[in-house]
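Grab a pencil and work through these exercises with the structure open beside you. Try each task before reading its solution.

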Amino acid sequence: MNHEVMKAENRKARMLRGLSGKSQRRAAGEIGRSATLLDQWEQGERVPGEEDLKRLAERTAGISREDADELMALYETQRQAFRRRSEGMGAVVDALVESQIRHGARAVRRLLKLPLPQSQPSPEDRRKAEIQLAELKRLDSRLRLAVVRLNPEYQTWALMETCCEAAVEEGSQDLKQSAAWARLALAIAKWVRGSEEWRRRGRGYALSHWANLLKVRGDLTAADGRLEEAKGLWLAGSDPTSLLDPGRLLDLEGSLRKAQRRFAEALSCFEQAVPISRFPERALIMAGATYDAMGDHEQAIAALQKAAPYLDRRDDPRLKNMWCLNLGSNLVHASRYDEAADLINKVKRCPAGLGQLDLARIPWLEGRIQAGLGRRSEALRLLAEARERFAAADMFYDVALALLEEAALLLDEGRTEEVKALALELARVFEAKGVHREALAALKVFGEAVRREAASADLARKVLRFLFQARHDQGLRFE
């Protein structure tokens, strides 16, 4: 179609793809249209809509819709000026105009490739990153990566840090989402602007969170390798404005050492982290979890109680609730049932930030508290509810724990037939993933004793104690 009778929308589509320097096929793919349709727009055979032009501007040419309108207005003004001065010279003038457009397109592309002015990193960047994170959460993981790759405003240290925290939060609920956030943080860390020393430190920070994801997946060897690489980058870098938490890598290293059962090293990491961390309560909570894994519940309680003043100053309901659940569990182990009940009631009144798996722990802890207070009927009801929640979430190790708590109470009252019915649930546990060999061996001993009507409350509690210990030490043998 003659350029003169084309609609403005068609000329704009031609201009925008010209600015992008991309083929029709590539540009069409980036806006979710076919190359055939894009060619029809450029030939004037079909008219693109406003949303199509907006996507062409933003996704292919890398400019805003408003900037595209200004460029188009400039082009139209110059084209009309040429026409007024050149009546009768149509072909020659058109050639001149096209030449000018090509020259302008090259100039604009060069301008678009110039690096943006660098602003100094600032704590204020975190506010913008929180808004950006909320926007990214509405997209699937592939679109998130595309948005960040194409938009320099998203390539910031603060968004990298925020994505790292999102990866940690998702780690206890959805490993796929956790991996997506950790992967996005690594990508952003490569694109962050600044000195090489600052960028190294950022990459070390992001890589340490990838190591944490590997730990949560159970790949401790790979996690160890990535963490050492992260520590090397962190130490080779610098953070002149002290923006990144200097205690975070120590937190994550301590968490890995705990998973490796290198408890002394884990506690040393947390001890070093407390005085330098922006979040000392996090290190103290992890120290409490380490003592819990060691079976030293009084030390766990002491470490968790040290975190209380820091939590009071922090507006983080999720962390406070996790602290309450962890402290409550250790208080139950220490037979301090009334104190544990107060904490669990606080969580029930406001369970903010807790996921499905965390919420399933509440009736389980309540059942154990009621059992400790001698209220067996209520304890059995709560433990049965917890067992059902655990089973629904495929938390079969926890199913076994709740089942043994129930069995011990029933055997105390001589209700062996009900214990036989419970033992049928063990078949699901034997077939499940996540219950290791030694734990299964202990459960089989109990199941066989039930079948022979030789099970006792003492045996149920012995197996239960073993399962608590063996959760953190899969090499521990049941005798």
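Before the first task, a definition: an axis is a line fitted to C-alpha atoms, for helices over the stretch in contact, and angles run from 0 to 180 degrees between N-to-C directions. Helices (H or I, at least four residues) and strands (E, at least two) are DSSP runs, numbered from the N terminus. You're looking at a predicted model, in which local features need pLDDT of at least 70, side-chain atom pairs count only at pLDDT 80 or more, and totals for chains, interfaces and linings use all residues. Residues are numbered from 1 along each chain as its sequence is written, and side-chain values use heavy atoms, with hydrogens and water left out.

**Exercise 1. Describe how α7 and α9 pack.**

Step 1: get the geometry. Helix α7 (residues 125–136) sits at about 55 degrees to helix α9 (residues 157–170), and their axes are 8 Å apart.

Step 2: classify the angle. Under 35 degrees counts as roughly parallel, over 145 as roughly antiparallel, 65 to 115 as roughly perpendicular and the rest as oblique. So α7 and α9 are oblique to each other.

Step 3: list the contacts, meaning heavy atoms within 4.5 Å. From α7 come D125, R126, A129, Q132, L133 and L136; they meet W157, A158, L159, E161, T162, C163 and A166 in α9.

Step 4: sort them by class. Ala, Val, Leu, Ile, Met, Phe, Trp, Tyr, Cys and Pro count as nonpolar, Asp, Glu, Lys and Arg as charged, and the others, Gly among them, as polar. That gives eight nonpolar, two polar and three charged residues in the contact of α7 with α9.

**Exercise 2. Which residues are buried in α8, and what covers them?**

Step 1: apply the cut-offs. Buried means under 20% relative accessible area, exposed over 50%, and partly exposed in between (1.4 Å probe, protein chains only). In helix α8 (residues 141–150), R144, A146 and V148 are buried.

Step 2: find the cover. It includes α7, α9 and α10 (175–191).

Step 3: check the start of α8. There, a side-chain oxygen of D140 comes within 3.1 Å of the backbone nitrogen of R142.

**Exercise 3. Is K22 buried or exposed?**

Step 1: locate K22. This lysine lies in the loop between α1 (8–20) and α2 (24–30).

Step 2: check the accessible area. At 14% relative accessible area, K22 is buried.

Step 3: look at the partners. The K22 side chain reaches the backbone oxygen of T60 at 3.2 Å. Leaving aside neighbours within four places in sequence, K22 is in contact with R17, A27, E30, R59 and T60.

**Exercise 4. Describe the packing of α16 with α17, then of α18 with α19.**

Step 1: take α16 (residues 297–312) and α17 (residues 317–333). They pack at about 155 degrees, axes 9 Å apart, and are therefore roughly antiparallel. By class, their contact holds 10 nonpolar, five polar and two charged residues.

Step 2: take α18 (residues 337–349) and α19 (residues 356–372). Here the angle is about 150 degrees and the axes are 10 Å apart. That makes α18 roughly antiparallel to α19. On the α18 side, the contact is made by Y337, A340, A341, I344, V347 and K348; α19 brings I362, L365, E366, R368, I369 and G372. Those residues split into eight nonpolar, one polar and three charged.

**Exercise 5. How many helices and strands does the protein chain have?**

Solution: count 25 helices and zero strands. Buried residues make up 47% of the 479 residues in the chain.

Technical notes: Polar contact = N/O pair within 3.5 Å; in protein donor to acceptor, adjacent residues only side chain to side chain.
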